[in-house]
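Here is a short briefing on a ligand complex.

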Amino acid sequence: MLRRRAVHDRRDGAPAAAAIVVEDLHRRYGDVEAVAGLSFSVRRGEIFALLGPNGAGKTTTIEILEGYRRRSAGTVRVLGTDPERGGRALRERIGIVLQAAGLDDELTVRETVELYASCYATPRALPELLGEVDLEDRRDRRVLHLSGGERRRLDLALALVGDPELVFLDEPTTGLDPAARRRAWGTIAGLRRAGRAIVLTSHYMDEVQQLADRVLVMARGRAVATGSPAALRAGRGRPTTIAFQLPDGATLPPDLAMLLRPGARACAEGEAAIGLCTDEPTRVLHRLTGWALAQGFELRGLSVVEPSLEDVYLELTEEPEAVLHGS
Ligand SMILES: Nc1ncnc2c1ncn2[C@@H]1O[C@H](COP(=O)(O)OP(=O)(O)OP(=O)(O)O)[C@@H](O)[C@H]1O
């Protein structure tokens, strides 16, 4: 059973809903400004996704939060402490799941967890921990013989062995089959229910949409959008797409044809051959179906599609000057 955390700072008992507070963070590497004035906060009991294309500055930001890189300027508080000065005491309160942790293939699951547990003063009990990541029946199996999904769950167990208040998950479901991904999502959602703060990076937008309470999209070291996945999808006048297939030889009337924007990403995607982009889906759908009925056409594959988080992400990261802040 998961332990539910009180939303309090462990050291002084004061309320501390924010697990991470970052204000005007900068990091330069010579001429490169990898992080150029980033501000955000992460609450306890929330999954916060940090997204951005290659080179956006995600790794630099996360390693500053983890205490493994120094910043050039700005203020950072992680669990109430400056990570540059937190040392081992802070690191014991943080769990990190890397994309490829270097584990000893010859050790069993139990031996691997016990090895990591020996680094903590008060580690989690083995049965409870293996239960949380659904690995109880693999405890005596060597790492070498674990499936990809089991290996990722062991990585997660190792990050949780010190009972962290804050967990960093880097691409937690890369390489997993669809069923294993769904199980991993359930485990990650369980971490949130237990009151932990979770910082997630992922290239799977369906995963982010499913798990994240809030998203920060970075490009060129800056935030280009923050907000819930739903707020980002609905934001800034993004049109709805009405998708369908036209019968062979049929031609749309001019007032509907003018809504065809084949170059626009939201219109081009989807299974149907034709997409109309509109901010007035009710009116346009009424007009379209009225026209089709009058012509005696069946509009196969008719659907009304909101932009996906992936559409929004691609649009934002291709236009880094466009700054949006959702709720
Ligand atoms: N140690 C370093 N020395 C010099 N430049 C660096 C160093 N680390 C990162 N950079 C540069 O800083 C920028 C941001 O890199 P960073 O690794 O933080 O981005 P990222 O968003 O994590 O990218 P990716 O998704 O590819 O891992 C890039 O231009 C990168 O080349």
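The points below are grouped by topic.

This is a predicted model: local features need pLDDT of at least 70, side-chain atom pairs count only at pLDDT 80 or more, and totals for chains, interfaces and linings use all residues. Residues are numbered from 1 along each chain as its sequence is written.

**Confidence**
- The complex gets an ipTM of 0.96 and a pTM of 0.80 from the predictor.
- Over residues 263–272, pLDDT stays under 50.

**Ligand shell**
- Around the ligand lie Tyr29, Val32, Ala34, Gly52, Asn54, Gly55, Ala56, Gly57, Lys58, Thr59 and Thr60 (C-beta atom, placed from the backbone, within 6 Å).
- Strand E2 (32–43) and helix H1 (58–66) are the elements that give two or more residues to this shell; helices (H or I, at least four residues) and strands (E, at least two) are DSSP runs, numbered from the N terminus.
- H1 gives the most, with three residues.
- The shell has four nonpolar, six polar and one charged residues. Nonpolar means Ala, Val, Leu, Ile, Met, Phe, Trp, Tyr, Cys and Pro; charged means Asp, Glu, Lys and Arg; the others, Gly among them, are polar.

**Helix pair H3 and H5**
- The axes of H3 (residues 109–117) and H5 (residues 148–160) come within 9 Å and cross at roughly 25 degrees. Axes are lines fitted to C-alpha atoms, for helices over the stretch in contact, and angles run from 0 to 180 degrees between N-to-C directions.
- H3 is therefore roughly parallel to H5 (angles under 35 degrees).
- Val109, Thr112, Val113 and Tyr116 of H3 meet Leu154, Ala157 and Leu158 of H5 (contact: C-beta atoms, placed from the backbone, within 7 Å).
- This contact has six nonpolar, one polar and no charged residues.

Technical notes. pLDDT = per-residue confidence, 0-100. Contact = placed C-beta atoms within 7 Å. Parallel < 35°, antiparallel > 145°, perpendicular 65-115°, else oblique.
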